[in-house]
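Biologist: Could you take me through one part of this model slowly, as if I were new to reading structures? I'd like to begin with the place where the two chains meet, and then go wherever that leads.

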Amino acid sequence: MSVSRRGFIKGGAAVAGSLCVGVQLSGCAPVPLPHASGRDLQPNAFIQLSPEGVFTLQLHKAEMGQGTYTGMATLVAEELNMPPEMLNIEQAHFHPEFIDPDFYVMLTGGSSSIRTSYEPLRKAAASLAYLLRSAAAQQLGRDLAEVALRDGKLYHGETVIEPGSVIEAARGLSLPEDVPLKPAVDHRFIGRHNARLDARGKVTGEAMFGLDVQYPGALSAVLVRCPHFGGTLKSFDASAAEASAGVVQVLEVDGAVAVLAGNYWQARQAAGKLTVEWHKGPLAGVSSKGLRAQRHELARSEAGKLVEELGEASAATGERIEAFYDVPYMAHATMEPMNALAVVDDRGVQIWSGMQGLQLVLDAVARATGFSQSQITLHNQFLGGGFGRRIQTDYVVEAARIAQLSGKPVRLVWSREDDTRHDFYRPNATALMAATVDGDRVSSLQIKAVAPSIFGQFMPVMTRTLLPKWLPSIVHDGIGNMMADSDPSAVEGLIHTPYQFPYKRSNYVMQEVTAPLGYWRSVGHSQNAFFIESFIDELAQRTGQNPLDFRLANMDKASRHYQVLTKVAELADWGNAPAGQHQGIAVHESFGSVVAQVVNASVSAGEVRVHKVVCVVDCGQVINPDIVVMQMQSGINFGLTAALKGEITLEDGAVQQSNFHDYQMLRINEAPEILVHLLPSSNPPSGVGEPGTPPVAPALANAIFAATGRRLRELPLRLA
Amino acid sequence: MASLAFTLNGKAIQLDVDPSTPLLWVIRDELAMTGTKFGCGMGLCGACTVHLNGAPIRSCSFPVQAAAGQQITTIEGLIGDSGALHPVQEAWLSLNVPQCGYCQSGQIMSAVALLESNPTPSDEDIDTAMAGNICRCGTYPKIRAAIHAAAQVVQQFDPRQSVQESQS
């Protein structure tokens with residue numbers, strides 16, 4: 001008998017087990033499938049069937065409002081040929097099969113969930129369907145083609161077979177190399193299904209967010225952190241706090257002070273009675289104003305890294321014009337403040353929290369507590385907003401450490417003030433936008449982006465999770481430093497633009513000094529779309545052309561950009577704004593999708609009012625049309641908050657804002673009417689969670705220019 | 001600590017608690033009812049909205065002692081004894097309003113109170129009544145549409161109207 005290499009690896013588990021004894025037992029243990037029961041049929045990590053006939057989907061992408069709960073279920077339900085409502089959905093634990101092909105870890109972000117799950121999830125479900133149909137066909141002595149799986153039952157003609165009854169027969173069957181997927185013409189749910197499966201729990205208050213999880217005897221914990229980034233604890237006096245009502249314990253936890261009490265209010269009141277002294281650390285004296293001035297200097301003094309160059313520099317003829325554009329730091333401000341519930345005992349760690357970066361948390365908690373990853377169980381929950389904030393691991397590690405050091409189960413709850421002041425911020429950034437104009441023709445676009453690097457900070461987090469555990473910290477930091485000046489997020493959206501000027505160049509200059517940085521809905525696109533689409537408007541005005549015509553004239557007529565722009569102009573009745581209103585337009589590609597928007601705005605007595613936003617999106621194959629519409633509306637209102645209000649400032653290395661009175665959000669009375677049109681497409685799905693955000697700030701700034709003749713080059717947009 | 005009594009979703013509640021504790025934390029931490037959410041602690045975001053004798057209040061900045069002897073309703077109390085959703089919840093559900101969903105308990109409580117005092121709200125009325133509730137996911141267009149949709153249902157099922165109709 002010949003044994004192929006592949007067969008040897010697949011069939012060799014028992015042999016491998018015996019080989020491993022004496023080396024490292026835990027390293028050889030088969031990875032348990034999440035929520036697995038020996039009675040279930042689970043051909044892969046994603047989907048399982050119980051003998052009772054319940055089909056369960058392991059939700060491997062966090063639901064934070066963007067619709068993965070419904071979207072993932074729809075993909076699976078299509079291949080199981082049953083309404084998505086019939087699926088039982090569980091929040092998945094970590095499993096290697098859930099690792100994201102883009103990020104190399106199990107993570108939810110980058111508007112990638114549908115795009116990267118489209119094939120694998122349908123295949124996972126199709127595999128289960130195939131096994132069940134095959135088992136039933138065998139049992140009946142019929143051809144596979146004669147057996148159907150429909151709405152949770154197997155059918156052969158009029159004969160109904162319970163899927164649970166063929167589990168044992170199906171277990172012994174093998175799958176073909178390529179399980180066929182349903183052809184698009186047969187789709188019942190993809191592109192059609194509209195209901196949100198998580199909506200009911202969210203209108204009754206039953207949906208479980210991290211903050212809602214109950215654990216017997218869990219104490220409430222609050223943590224007092226150094227307000228100055230990078231600062232350290234000098235000393236603290238806990239006597240008044242310890243005497244406060246309901247307080248159980250006050251302890252130092254990794255350079256911060258934790259207060260544990262019977263309930264949150266008691267813990268928060270007691271924390272206010274702490275006397276703490278801090279060393280201000282490396283950012284002492286650093287202010288946003290100073291950082292902005294430094295970026296403007298760097299734009300003049302540094303060449304930076306050349307990121308994109310198209311055409312010959314000699315083509316840049318005519319008069320050079322240039323302008324500085326600026327954006328501030330932004331906090332995520334998820335409605336649910338950061339929180340986590342942690343239980344640590346000698347067997348390991350259990351965590352209940354809302355997490356985008358499940359595998360990063362697994363690694364970070366293991367490092368912080370000294371437990372191995374196999375001793376840590378992460379119970380993910382609904383996220384009360386993510387927007388990139390919950391890719392970070394800080395809030396979970398804090399809870400785990402407080403629980404470990406105090407020896408008590410704790411629910412760590414951040415205040416809104418904690419949340420605003422201890423975020424990982426959208427970088428503050430500057431662009432020196434320049435062009436050469438030769439007569440009525442733009443001959444070049446030359447951009448210098450100056451910003452601190454998210455990559456420099458986040459890469460060490462990624463490599464710590466991905467690379468061998470014995471590598472010293474200096475290696476990870478070294479990789480971060482090496483990668484920092486190549487940060488793709490700093491220039492995304494400035495490069496690969498649709499505009500075809502004779503010469504195009506983009507450079508990136510990294511700013512070293514910064515507050516902590518993170519991924520914020522649409523990341524670099526959030527500022528870079530504002531920079532480039534505002535400046536394009538300037539060039540249209542400079543060359544005496546209509547902003548729409550100028551854009552169309554300088555791009556490929558076959559491009560997706562051209563199509564969405566044309567459509568949005570039609571739907572928004574471009575050029576015919578209602579009396580007293582003015583229009584601005586912008587188009588931007590991000591996360592594989594192209595979005596164009598027209599803003600109708602008016603300005604009176606220095607007050608900007610956004611009346612209407614018309615949005616056209618090309619995001620490839622749509623899974624759930626209403627969720628795509630919702631994500632465009634959501635992205636637009638998120639972007640309008642940044643355009644009109646959002647600003648985090650540093651003084652002495654500390655954030656000056658604290659709560660919704662000084663870090664304001666768009667409210668319903670300021671929210672515009674939004675019309676969304678989905679461009680039909682047969683391309684594979686691309687992102688929808690983030691692409692709605694980037695175009696709205698420039699479209700609004702362009703509308704304000706149309707209304708007032710004033711070009712606002714800094715966010716938030718201020719006329720006064 | 002003091003002994004306090006109030007009515008919560010129609011049920012008598014008696015508990016020993018620091019009377020300055022915000023009602024929110026009594027509901028969440030003492031009574032383990034988690035539909036009412038914590039967002040800001042300053043009455044700025046509306047995630048903690050509950051009803052005091054039918055009127056919306058921000059429970060995060062409302063000391064529990066002020067609730068003594070009063071009727072409090074939370075999101076859990078909107079569902080009738082039959083298990084049927086409130087028409088506002090039904091409208092929220094059929095229009096797919098929630099995204100992350102965290103603010104929606106508060107949004108719904110504000111909307112229910114609005115429709116109880118004004119069964120046919122204009123867009124301006126909605127702006128005024130709902131401006132205290134932040135939704136970071138920006139579900140505002142859907143919230144507006146759902147309130148208008150619920151208003152239709154609430155009107156149709158107005159008990160006074162049905163009495164008048166049966167008399168005529």
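Modeller: The contact between the chains takes 51 residues from chain A and 45 residues from chain B. Keep in mind that this is a predicted model. On the side of chain A that touches chain B, the elements giving two or more residues are α7 (199-204), α9 (264-271), α20 (625-644) and β26 (673-678) of chain A. The top contributor there is α20(A), with 7 residues. Sort that side of chain A by class and you get 24 nonpolar, 17 polar and 10 charged residues.

Now let's stay in chain A and look at a sheet. It's an open one with 7 strands, in the order β9-β10-β7-β17-β14-β15-β16 (chain A), and its pairing is mixed. At the edges stand β9 (247-253) and β16 (376-380) of chain A; each has a single partner strand, so one side of each is left without a neighbour in the sheet. On average, and ignoring direction, neighbouring strands here are turned by 20° against each other.

Zoom in on one pair: β14 (residues 339-345) and β15 (residues 348-353) of chain A run in the antiparallel sense, joined over 5 bridges. For instance, Val343(A) has Gln350(A) in β15(A) as its bridge partner. Packed on the sheet you'll find helix α11 (residues 358-369) of chain A, which touches β14, β15 and β16 of chain A. The direction of α11 makes about 140° with that of β16(A).

Another strand of chain A, β13 (residues 319-327), holds Tyr325(A). Is Tyr325(A) buried or exposed? Count the other C-beta atoms within 10 Å and you get 25; 20 or more counts as buried, so Tyr325(A) is buried. Setting aside neighbours within four places in sequence, Tyr325(A) is in contact with Thr430(A), Ala431(A), Met433(A), Phe530(A), Phe531(A), Ser534(A) and Arg713(A). Also, the C-alpha atoms of Tyr325(A) and Ala429(A) are separated by 8.3 Å, although these residues are 104 apart along the chain.

Last stop, a helix pair in chain B. Helix α2 (residues 87-94) and helix α3 (residues 104-117) of chain B pack at an angle of about 130°, with their axes 9 Å apart. That angle makes α2(B) oblique to α3(B), and the crossing is right-handed. From α2(B) come Val88(B), Gln89(B) and Trp92(B), which meet residues of α3(B) including Ile108(B), Ala111(B) and Leu115(B). The residues of this contact divide into 6 nonpolar, 2 polar and no charged.

Note on methods. Residues numbered from 1 in each chain as written. Chains lettered and ligands numbered in written order. Predicted model: local features only at pLDDT ≥ 70, side-chain atom pairs only at ≥ 80, totals over all residues. Contact = placed C-beta atoms within 7 Å. Helix = DSSP H or I, 4+ residues; strand = E, 2+ residues; numbered from the N terminus. Nonpolar A, V, L, I, M, F, W, Y, C, P; charged D, E, K, R; others polar. Axes fitted to C-alpha atoms, helices over the stretch in contact; angles between N-to-C directions. Parallel < 35°, antiparallel > 145°, perpendicular 65-115°, else oblique. Left-handed = near helix turned anticlockwise from the far one by under 90°. Buried ≥ 20, exposed ≤ 12 C-beta atoms within 10 Å, placed from the backbone. Pairing = 2+ DSSP bridges.
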